[in-house]
Amino acid sequence: MTVVTQASELTAALGNAGQPRVLVPTMGALHHGHLALIRHAKILAGAQGTVVVSIFVNPMQFDRAGDLAAYPRPREADLAACRAAGVAVVFAPEAAAMYAPDHSVTVSESQLSRNLCGAARPGHFDGVCTVVLKLFLLCSCQIAVFGEKDFQQLAVIRRMVRDLNVPVVIVAHPTVRETNGLAMSSRNARLNAAQRADAPRLRRALLAAQAAFQAGTRRPAELLTMARQAIEASGLARMDYLSLVDADSLESVEHVEGPALLATAVFYGEVRLIDHVCLVP
Ligand code: AMP
């Protein structure tokens with residue numbers, strides 16, 4: 001496995017351009033969710049192809065300085081996990097290697113990023129689009145794997161690829177969860193014991209609303225109230241948002257007529273977690 005920190009070293013590390021190159025972009029603190037994406041990438045790359053994992057805590061996508069500073073960075077454990085997973089190349093640059101001090105060009109998505117995390121975290125998806133496009137170009141990958149856990153991110157990246165004719169196939173991987181239902185996240189490591197014990201209620205609340213929907217409850221207000229009460233019941237989770245949106249446009253819906261998304265973000269102390277369920281009439 002080759003570990004590269006400078007963009008200028010990537011071409012040599014990546015080797016044969018004739019074979020499939022599959023990128024898994026991450027911010028590190030790798031867990032089983034990331035490893036599932038890497039396994040999927042290996043299948044997509046085939047025996048002759050190359051899996052590249054990027055590990056970069058991208059300052060441009062953080063809206064809170066404290067969150068950026070506290071983001072876990074267990075570099076040695078991450079490299080060991082990549083090595084064990086059979087990753088060929090890890091690209092782990094410092095911020096200075098990614099952004100010139102006077103960088104002034106960004107990618108901005110203006111429709112799908114208006115609601116949900118985009119509304120709650122101004123500038124977040126501009127940061128995501130900009131860094132992901134840079135990573136695509138630096139790694140010259142034909143395929144990139146993303147998790148459905150970050151549903152809005154996936155939608156925004158697919159839109160960027162479509163609208164800018166980026167020659168990269170985007171492959172989605174389902175959310176990987178703890179046995180108690182909690183979506184795996186690098187941020188889970190920052191929860192204290194009480195918060196960690198409470199956090200699976202997010203999933204339970206969303207599943208209960210999904211079950212009510214399937215049993216015939218169609219009014220968004222009713223579904224939202226039910227989920228909100230269940231999430232806030234212990235008093236430990238502070239709601240950032242809870243929204244019912246169309247699964248394609250990510251706009252709020254008055255009536256669920258097509259596939260929709262019940263999505264939430266909550267704070268446990270300073271730690272922000274997200275999750276969602278799909279509602280399909
Ligand atoms: P992150 O390091 O959190 O930026 O995530 C890197 C990639 O891993 C993104 O495509 C995420 O959607 C994906 N990912 C993170 N957590 C999970 C999970 N629990 N299940 C599936 N994919 C995940």
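Colleague: Which element gives the most to the shell around the ligand?
Modeller: In this predicted model, helix H2 gives the most, contributing three residues to that shell.

Colleague: How many residues surround the ligand, and which are the closest?
Modeller: The ligand is surrounded by 17 residues, and the closest are His34, Gly147, Asp150, Val176 and Met184.

Colleague: What lies 2.8 Å from an oxygen atom of the ligand?
Modeller: That is a polar side-chain atom of His34.

Colleague: And which atoms of Val176 and Met184 lie 2.8 Å from a nitrogen atom of the ligand?
Modeller: For Val176 it is a backbone N or O atom, and for Met184 it is likewise a backbone N or O atom.

Colleague: How much of the ligand does the protein bury?
Modeller: The ligand taken alone exposes 480 Å², of which the protein buries 94%. The largest cavity is the space that the ligand takes.

Colleague: Changing topic, where does Arg272 lie?
Modeller: Arg272 belongs to strand E9, which covers residues 271–279.

Colleague: Is Arg272 buried or exposed, and why?
Modeller: Arg272 counts as buried because its relative accessible area is 8%, and the cut-off for buried is under 20%.

Colleague: Which side chain does the Arg272 side chain join in a polar contact?
Modeller: The partner is Asp240, and the contact between the two side chains is 2.8 Å.

Colleague: What else does Arg272 touch?
Modeller: Leaving out residues up to four places away in sequence, Arg272 touches several residues, including Arg64, Cys117, Arg121, Arg187, Tyr241 and Phe267.

Technical notes. Residues numbered from 1 in each chain as written. Predicted model: local features only at pLDDT ≥ 70, side-chain atom pairs only at ≥ 80, totals over all residues. Heavy atoms only, no water. Helix = DSSP H or I, 4+ residues; strand = E, 2+ residues; numbered from the N terminus. Buried < 20%, exposed > 50% of the residue type's maximum accessible area, 1.4 Å probe, protein only. Polar contact = N/O pair within 3.5 Å; in protein donor to acceptor, adjacent residues only side chain to side chain. Contact = heavy atoms within 4.5 Å. Near = heavy atom within 4 Å. Areas by Shrake-Rupley, 256 points an atom, 1.4 Å probe, with all protein chains shown as cover. 1 Å grid on protein atoms, 1.4 Å probe; cavity = no way out; pocket = protein on both sides within 12 Å on 5 of 7 lines; lining within 4 Å. Sits in = over half its atoms within 2 Å of the grid points.
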